[in-house]
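Please keep the sequence and the model in view while reading.

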Amino acid sequence: MATTGRRERLRAETTAEIKKVALALMSSGGPDAITLRAIAREMGMTANAIYGYFATRDDLVTTLINDVYTSLADAVDAARDACPADDPAGRIIAWATAFRDWALTNAEGFRLIYGDPVPGYQAPEGGAAPEAEHRVCAGLTGLAAGAWPQAKALFAEADFQWSDFDPGLAAEVREEFPGLPPAAVAIALRIWGHLHGLVSLEIYGHLRGQTPRPDKIYRAELAQLVRGLGLPA
């Protein structure tokens with residue numbers, strides 16, 4: 001039993017190192033730098049040995065995406081849930097702050113799930129991280145749902161229909177948030193656009209030459225965002 005436990009522990013440690021090296025290679029060489037042979041070379045392993053951990057490059061990429069996306073979902077969910085349900089502005093700011101903090105700490109992971117696709121990668125049917133992706137999407141919709149009682153008066157003339165959105169997204173929202181109108185889904189996507197846009201600019205270095213304080217700009221954007229929803233900043 002002790003031998004089996006040691007073998008399992010060593011396998012887990014090697015698997016974790018493989019994933020760490022893969023992300024490092026992507027950071028330095030771009031998405032196409034993720035190859036099992038390159039990882040084996042970096043780790044001093046034979047190519048055949050690494051195939052014992054991941055049968056194909058796509059298996060590794062799928063595992064990486066699922067790990068990274070789950071890490072993100074865990075971070076933003078925890079930050080949001082630390083705020084009371086009756087504080088929609090606080091929950092938006094907490095979620096958004098956690099999103100940026102996570103991205104800065106996991107820049108390679110951010111690029112993997114939101115940047116350039118890995119060349120030739122074929123995700124499994126249903127996606128690489130369906131549960132985590134759903135949690136992030138539902139989390140954003142939940143933020144909009146929490147703000148809707150105050151925001152609806154400001155968006156009374158918004159001309160959105162369910163046909164304006166992907167049928168799968170519309171079906172999920174209508175099932176999980178019954179009674180939420182299409183205009184609130186548009187708010188969720190607008191929230192996402194604000195957050196993702198600024199964080200992407202920062203992660204890819206496009207703000208570096210313009211400001212030494214991207215955090216200050218981000219906080220100001222969040223304050224304006226919640227005010228625009230009729231919430232106290």
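A cavity, on a 1 Å grid over the protein atoms alone, is a set of points where a 1.4 Å probe fits but cannot get out, and a pocket is an open set with protein on both sides within 12 Å along at least five of seven lines; lining residues have an atom within 4 Å of a point. The model is predicted: local features need pLDDT of at least 70, side-chain atom pairs count only at pLDDT 80 or more, and totals for chains, interfaces and linings use all residues. Residues are numbered from 1 along each chain as its sequence is written, and side-chain values use heavy atoms, with hydrogens and water left out.

**Overall form**

The protein contains 10 helices and 0 strands; helices (H or I, at least four residues) and strands (E, at least two) are DSSP runs, numbered from the N terminus. Along the principal axes, the C-alpha atoms fill a box of roughly 65 × 45 × 35 Å. Of the 233 residues, 44% are buried, where buried means under 20% relative accessible area, exposed over 50% and partly exposed in between (1.4 Å probe, protein chains only). A contact means heavy atoms within 4.5 Å. Among contacts between residues at least 6 apart in sequence, 69% join residues at least 24 apart.

A nonpolar core is a set of buried Ala, Val, Leu, Ile, Met, Phe, Trp, Tyr and Cys residues joined through side-chain atoms within 4.5 Å. The largest one has 74 residues, of which Ile 39 and Phe 99 touch the most other members. Helix α9 gives the most to this core, with 11 residues.

Helix α9 has 22 residues and reaches 31 Å from its first C-alpha to its last, close to the 32 Å expected at 1.5 Å a residue; the expected span is 1.5 Å times one less than the number of residues. After α9 comes Gly 205, whose phi is positive, near 80°.

Beyond residues up to four places away in sequence, Thr 14 touches Met 43, Met 45 and Tyr 53.

**Cavities and pocket**

There are 2 cavities of 30 Å³ or more. For the volumes below, grid points are joined across faces, edges and corners, and a volume is the space filled by probe spheres set on the points.

| Space | Volume |
|---|---|
| Largest pocket | about 200 Å³ |
| Largest cavity | about 50 Å³ |
| Second largest cavity | about 30 Å³ |

In the classes used here, Ala, Val, Leu, Ile, Met, Phe, Trp, Tyr, Cys and Pro count as nonpolar, Asp, Glu, Lys and Arg as charged, and the others, Gly among them, as polar. The lining of the largest pocket divides into 10 nonpolar, 1 polar and 1 charged residues, and α7 gives the most to this lining, with 5 residues.

The largest cavity has 5 nonpolar, 2 polar and 2 charged lining residues, with at least two supplied by each of α7 (130-151) and α8 (167-176). The second largest cavity is lined by Leu 198, Glu 202, Leu 207, Pro 214, Ile 217 and Tyr 218. Helix α10 gives the most to that lining, with 3 residues.
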